[in-house]
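Please look over the sequence and the 3D structure shown below before reading on. The notes that follow begin with a question and then go through the topics one by one.

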Amino acid sequence: MSAKDNTVLVKSRFNDVDDKNGISKLFDKAGVYVIALLLIILGIIVSPTKFLTPDNMLNILRAVGMLGITACGLSFVIYSSQMADMSVPSAMAFSGIITVQFLHFGLVPALILGIMFGMLIGLVNGIVVGYFRANAILWTLAMQFGMEGIMRYVWSGNQLYPDLEPGTSGAAFVNIFRMKVGPVPLLIIVMIVLYIIANFVMKKTKFGNQLKLVGSAYDVAKCTGINVRRTVLYAFLISSFTASVAGIFITSMNKLGVFYLGEGYDFKSVTAIVIGGMALSGGRGNIWGVLGGVLVMGLLNNILTFIGIPTAVQNVFVGLVFIAVVALHTYKLRKVGKDYA
């Protein structure tokens, strides 16, 4: 195949991806924020005096802070058409355990080691999925169970507690989640900064353009000379990095490191990403839509709490929303002659 033919294929594929009129594009970008606005109106109706207060708004953002961070990195994996990274919970738990384990080296070295060990999971995922073309869902699910077994075996299923004596690295570590910059929790600031960086990487860098092409047309990207294997590897590394950052926050919040911290963040992250308009088939959507999906989940849970719905039942609502959004995406794609989601 000549370079000219490849160029035609690339243009054809992008036209296929972006063959929407202006109104459709606007809806795709702002649609999730329209849903968020409707939920805010519903929240005001449900609780007129408490819902729209600054404290409650900060509580919503803080509640979805860790979810927002994991979804930010995981969106790179989905954007590359690898469907999901089910090992996100193990990366969160592993980074937290390692951080607590090495706090006697000092806070900063422990944090660096925690993130590095968490990213090892992403490195293995990226090699196996990117270079050996293993099924991403099956492999990362296997990695999740494998890492859980390793953590339970090495630490005998026990919880690790940091030393909380004033002035120790452990005391400084548990304050990370509770730290504020002015009135705004550090967790929220980290989440917003990560989304700004992620948007820049996706929209303004060569890697972001390559990731879009790999996600929307893998074979075409391969023909154009893009190192598709390395691109997928980087996507998994980014996912494990953000999962590790979130793992440090959740470990700091709970004041302990244990293998089960992070459970559920894989599915919740995928749900937020899909609600935000990013297609599971890859190559479509944007990072601000993902943030909108995270906010919608936070608003939904907050309103259900005001109504008095138990947390366990709230998960049923989240599952139903996920099913509805996937069904809607599938319907829209099939309506334009595409039978993939």
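At roughly what angle do the axes of helix α9 and helix α12 cross, and within what distance do the axes come? The axes of helix α9 (residues 186-204) and helix α12 (residues 228-254) come within 11 Å and cross at roughly 175 degrees, where axes are lines fitted to C-alpha atoms, for helices over the stretch in contact, and angles run from 0 to 180 degrees between N-to-C directions. This is a predicted model, in which local features need pLDDT of at least 70 and side-chain atom pairs count only at pLDDT 80 or more, while totals for chains, interfaces and linings use all residues. Residues are numbered from 1 along each chain as its sequence is written, and side-chain values use heavy atoms, with hydrogens and water left out.

**The chain as a whole**

- The protein chain holds 15 helices and two strands, which are DSSP runs numbered from the N terminus (helices are H or I with at least four residues, strands are E with at least two).
- Of the 341 residues in the protein chain, 48% count as buried, where buried means under 20% relative accessible area, exposed means over 50% and partly exposed lies in between, with a 1.4 Å probe and protein chains only.
- Taking the contacts between residues at least 6 apart in sequence, 77% join residues at least 24 apart, and contact here means heavy atoms within 4.5 Å.

**Helices that pack together**

- Two packed helices are described by the angle between their axes and by the distance between those axes.
- Because of their crossing angle, α9 and α12 are roughly antiparallel to each other (angles under 35 degrees count as roughly parallel, over 145 as roughly antiparallel, 65 to 115 as roughly perpendicular and the rest as oblique).
- Leu186, Leu187, Val190 and Leu194 of α9 make this contact with Phe241, Val245 and Phe249 of α12.
- By class, the contact of α9 with α12 has seven nonpolar, no polar and no charged residues, where Ala, Val, Leu, Ile, Met, Phe, Trp, Tyr, Cys and Pro count as nonpolar, Asp, Glu, Lys and Arg as charged, and the others, Gly among them, as polar.
- For helix α4 (residues 65-79) and α13, the axes come within 8 Å and cross at roughly 70 degrees, and α4 and α13 are therefore roughly perpendicular to each other.
- The residues of the contact of α4 with α13 divide into eight nonpolar, three polar and two charged.
- On the α4 side, the residues in this contact include Met66, Leu67 and Thr70, and on the α13 side they include Tyr265, Asp266 and Lys268.

**The second largest pocket**

- About 430 Å³ of space lies in the second largest pocket; on a 1 Å grid over the protein atoms alone, a pocket is an open set of points with protein on both sides within 12 Å along at least five of seven lines, whereas a cavity is a set of points where a 1.4 Å probe fits but cannot get out.
- The volume is the space filled by probe spheres set on the grid points, which are joined across faces, edges and corners.
- The second largest pocket is lined by 17 residues, lining residues being those with an atom within 4 Å of a point, and Ala63, Val64, Lys268, Asn301 and Gln314 lie nearest its centre.
- At least two lining residues come from each of α3 (54-63), α13 (265-275), α14 (287-307) and α15 (311-335), and α14 gives the most, with five residues.
- The lining divides into seven nonpolar, nine polar and one charged residue.

**Single residues within helices**

- Val294 is found in helix α14 and counts as buried because its relative accessibility is 0%.
- Leaving aside neighbours within four places in sequence, Val294 is in contact with Val64, Gly68, Ala71, Tyr195 and Ala272.
- Leu123, in helix α6 (residues 107-132), counts as partly exposed at 33% relative accessibility, and Leu123 touches Leu233 and Leu237, not counting residues up to four places away in sequence.
- Gly149 lies in helix α7 (residues 136-154), and its C-alpha atom is separated by 8.7 Å from that of Phe259, 110 residues apart along the chain.

**Residues with positive phi**

- Ser81, which is not a glycine, has a positive phi of about 70 degrees and is placed in the loop between α4 and α5 (88-101).
- Lys255, in the loop between α12 and α13, has a positive phi near 60 degrees and is likewise a residue other than glycine.
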